[in-house]
There are 2 protein chains.
Amino acid sequence: MGKKKVIFYHAGCPVCRTAEEAVLELIDRNKYDIQVIHLGQDKSRIQEAENYGVKSVPALVMDNKVFHINFGASIEEVKAG
Amino acid sequence: MGKKKVIFYHAGCPVCRTAEEAVLELIDRNKYDIQVIHLGQDKSRIQEAENYGVKSVPALVMDNKVFHINFGASIEEVKAG
């Protein structure tokens, strides 16, 4: 009985931080492991995020579904940044 | 020690339903009570949602902070619908 995995992608922006706080606070840790990925610092994960369908950060991926939470920066901006 | 309240505003759209499933699944019910409001069916709550800063649905409000989750419909469309 492993926990399910959710991935939170962000880029350190203020909108990202506010969303990260909420996500870490709201999500049931007994059921989910949350992996937090800073795409600005870990550009090797950008392709993975794009493969999930992430268009902007902050975004949460769960069960191969993407939930963009407000708007901090586009993936293109993260690539260029 | 009451639970904290979060409000999920939606309008019954497909994007709303997918987000609702995720929200209901992810959020720690031991810590949070989730109120689900269908603004299309309960138009009297639209003003309240706007006061929180909700611009589109689906959206989650927690601690007076608004998290728009993907994009289903604008508040203006919900008013007109």
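# Close-up views of a two-chain model

**View 1. Asn51(A) counts as exposed, at 60% relative accessibility.** Here buried means under 20% relative accessible area, exposed means over 50%, and partly exposed lies in between (1.4 Å probe, protein chains only). The structure is a predicted model, in which local features need pLDDT of at least 70 and side-chain atom pairs count only at pLDDT 80 or more, while totals for chains, interfaces and linings use all residues; side-chain values use heavy atoms, with hydrogens and water left out. Residues are numbered from 1 along each chain as its sequence is written, and chains are lettered from A and ligands numbered from 1 in the order in which they are written. Asn51(A) belongs to helix 2 (residues 46-52) of chain A; helices (H or I, at least four residues) and strands (E, at least two) are DSSP runs, numbered from the N terminus. A distance of 9.6 Å separates the C-alpha atom of Asn51(A) from that of Asn64(A), 13 residues apart along the chain.

**View 2. Chain B and chain A each give 19 residues to their contact.** Contact means heavy atoms within 4.5 Å. The area buried between the two chains is about 1,700 Å², with 60% from carbon and sulfur atoms. Of the area that chain B buries against chain A, 36% is supplied by Glu25(B), Leu26(B) and Phe67(B), more than by any other three residues. Buried area is the accessible area (1.4 Å probe) that two parts lose on being put together, summed over both. A rotation of 180° with 0.0 Å of shift along its axis places chain B on chain A (RMSD 0.0 Å). The two copies are therefore related as by a two-fold rotation axis. The same surface serves both copies, since 100% of the contact residues of chain B recur in chain A. The superposition is by least squares on the C-alpha atoms of residues with pLDDT of at least 70 in both copies.

**View 3. Glu25(A) and Lys31(B) form a salt bridge, their closest N and O atoms being 3.8 Å apart.** This pair crosses between chains, from helix 1 (residues 14-26) of chain A, which holds Glu25(A), to the loop between helix 1 and strand 2 (32-38) of chain B, which holds Lys31(B). A salt bridge is a side-chain nitrogen of Lys or Arg within 4 Å of a carboxyl oxygen of Asp or Glu. Glu25(A) is partly exposed at 30% relative accessible area, and Lys31(B) is partly exposed at 35%. Across the interface of chain B and chain A, two salt bridges are found. Lys31(A) and Glu25(B) also meet in a salt bridge (3.8 Å, N to O).

**View 4. Lys4(A) and Asp63(A) meet through their side chains in a salt bridge (3.3 Å, N to O).** Lys4(A) lies in strand 1 (residues 4-10) of chain A and Asp63(A) in the loop between strand 3 (56-62) and strand 4 (65-74), so the pair ties together parts that are 59 residues apart in sequence. Lys4(A) is partly exposed at 34% relative accessible area, as is Asp63(A) at 42%.

**View 5. His68(B) counts as buried, at 16% relative accessibility.** His68(B) is part of strand 4 of chain B. A polar atom of the His68(B) side chain lies 2.9 Å from the backbone nitrogen of Lys55(B). Not counting residues up to four places away in sequence, His68(B) touches several residues, including His68(A), Ile69(A) and Asn70(A).

How values were computed:
A polar contact is a pair of N or O atoms within 3.5 Å; within protein, one must be able to donate a hydrogen and the other to accept it, and residues adjacent in sequence count only if both atoms are side-chain atoms.
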